[in-house]
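Look at the sequence and the model shown here. This briefing covers pockets and the residues that line them.

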Amino acid sequence: MKHHKFAAFLAAAALLAALTSCAAEPAPQTASERDVFAMDTFMTMKAYGDGADKALEAAEARIFELESELSVTEADSDISRINSAKGAAVEVSPDTALLVGAGAQYWQDTAGALDISVYPVLREWGFTTGEYKVPDSSTIAKLLKNVCGGEISVSGSTVQIPADSEIDLGALAKGYTGDEIMAIFRENGVSSGLVSLGGNVQALGSKPDGSDWRIGIKDPFSPDENMCVVSIADKAVVTSGNYERCFEADDGKVYWHIIDPADGCPADNGLVSVTIIGSKGLQCDALSTALFVMGTDKAQTYLADHTDVEAVLVTDDGRLLYTDGLREKLDITGDMPSEVIARD
Ligand code: AMP
Ligand code: MG
């Protein structure tokens with residue numbers, strides 16, 4: 001009898017051990033990671049799941065493919081061929097046609113705030129080379145005559161712009177690249193992933209433990225620190241900030257790389273940082289630039305009418321404005337006063 005009881009006790013203990021080991025936390029998955037320097041940007045990617053290494057390999061190849069099509073400096077890129085075509089129609093890749101078409105569409109949708117043909121003005125300020133200067137007003141006026149967002153046409157795989165105009169996709173390319181990486185991650189069976197492409201962060205799914213990714217948003221007045229953290233899954237978080245590419249001129253003023261097509265000068269309409277959060281990287285990228293140009297009032301009106309994205313705006317007088325959909329998702333870590341942007 002005694003023996004029987006002891007055997008039963010051992011069996012019960014073994015069962016308990018088996019059950020406990022089943023119930024124990026699964027070992028944390030390790031991420032596969034890859035860093036890439038492309039599009040003038042230091043990019044980091046991490047992916048979890050069986051296909052992670054293959055996905056990262058394919059994502060890297062895709063980034064370089066996009067760079068070679070969209071670069072404004074590589075002489076044989078689609079964009080360089082469009083810019084030197086003197087008004088002729090140019091045959092381009094599906095990526096380029098899609099992005100130039102998106103540029104034309106967002107020009108319309110944002111009342112000209114996003115204008116991919118602002119490039120010659122941007123170059124005159126030195127933002128393309130780093131040889132910064134404040135152009136004189138007659139030069140800007142002359143260059144503005146060829147800023148022509150409404151005259152860009154895409155038909156199938158051909159793009160046509162006016163003879164004296166030039167375009168660049170700096171405001172859109174990284175957002176689209178993020179979308180393309182997410183598609184590659186999905187196709188390769190990645191269950192969870194995160195990419196950071198300069199001011200663009202994009203997540204596939206949630207963290208491997210099922211919790212949201214927590215993405216810091218920089219304080220534009222102190223860019224080494226975050227002003228808030230947003231919790232997301234399956235979303236892009238794209239920021240346009242006045243601190244990203246800027247210079248102080250002899251006049252003591254600071255000038256930055258987002259140009260207001262209305263006057264050819266760095267957009268100075270009350271905002272110093274715009275973050276857009278949504279499910280499409282391309283849309284978030286286009287709108288982060290466009291709402292920065294629109295400024296405090298028009299950006300809030302736009303957001304009231306477009307509830308498919310959320311936003312965090314920072315005004316030049318130090319207020320943090322955010323859309324109501326972020327109430328449960330935003331941790332404000334700095335001491336900036338905040339207000340909710342009203343939407344119907
Ligand atoms: P982002 O960092 O996405 O706001 O994009 C800024 C980049 O877009 C600049 O570095 C320029 O290459 C380009 N850009 C600047 N101003 C505009 C504008 N108003 N519309 C379209 N592209 C612009
Ligand atoms: Mg942008």
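What volume does the second largest pocket have? The second largest pocket has a volume of about 360 Å³. This is a predicted model, where local features need pLDDT of at least 70, side-chain atom pairs count only at pLDDT 80 or more, and totals for chains, interfaces and linings use all residues. Residues are numbered from 1 along each chain as its sequence is written.

**Second largest pocket**
- Of its 14 lining residues, the closest to the centre are Gly-198, Gly-199, Val-201, Gly-216 and Lys-218.
- Strand S8 (213-219), strand S9 (222-232) and S10 each give two or more residues to this lining.
- S8 gives the most, with 4 residues.
- The lining divides into 6 nonpolar, 6 polar and 2 charged residues.

**Largest pocket**
- About 1,100 Å³ of space lies in the largest pocket.
- Its lining has 41 residues, and Asp-168, Leu-169, Gly-170, Ala-171 and Arg-245 are the closest to the centre.
- Two or more lining residues come from each of helix H2 (52-70), helix H5 (119-124), helix H7 (173-187), strand S10 (236-241) and helix H8 (281-294).
- H8 gives the most to this lining, with 4 residues.
- By class, the lining has 18 nonpolar, 14 polar and 9 charged residues.

**Terms**
- On a 1 Å grid over the protein atoms alone, a pocket is an open set of points where a 1.4 Å probe fits, with protein on both sides within 12 Å along at least five of seven lines; lining residues have an atom within 4 Å of a point.
- Grid points are joined across faces, edges and corners, and a volume is the space filled by probe spheres set on the points.
- Helices (H or I, at least four residues) and strands (E, at least two) are DSSP runs, numbered from the N terminus.
- Ala, Val, Leu, Ile, Met, Phe, Trp, Tyr, Cys and Pro count as nonpolar, Asp, Glu, Lys and Arg as charged, and the others, Gly among them, as polar.

Terms used: Chains are lettered from A and ligands numbered from 1 in the order in which they are written. Side-chain values use heavy atoms; hydrogens and water are left out.
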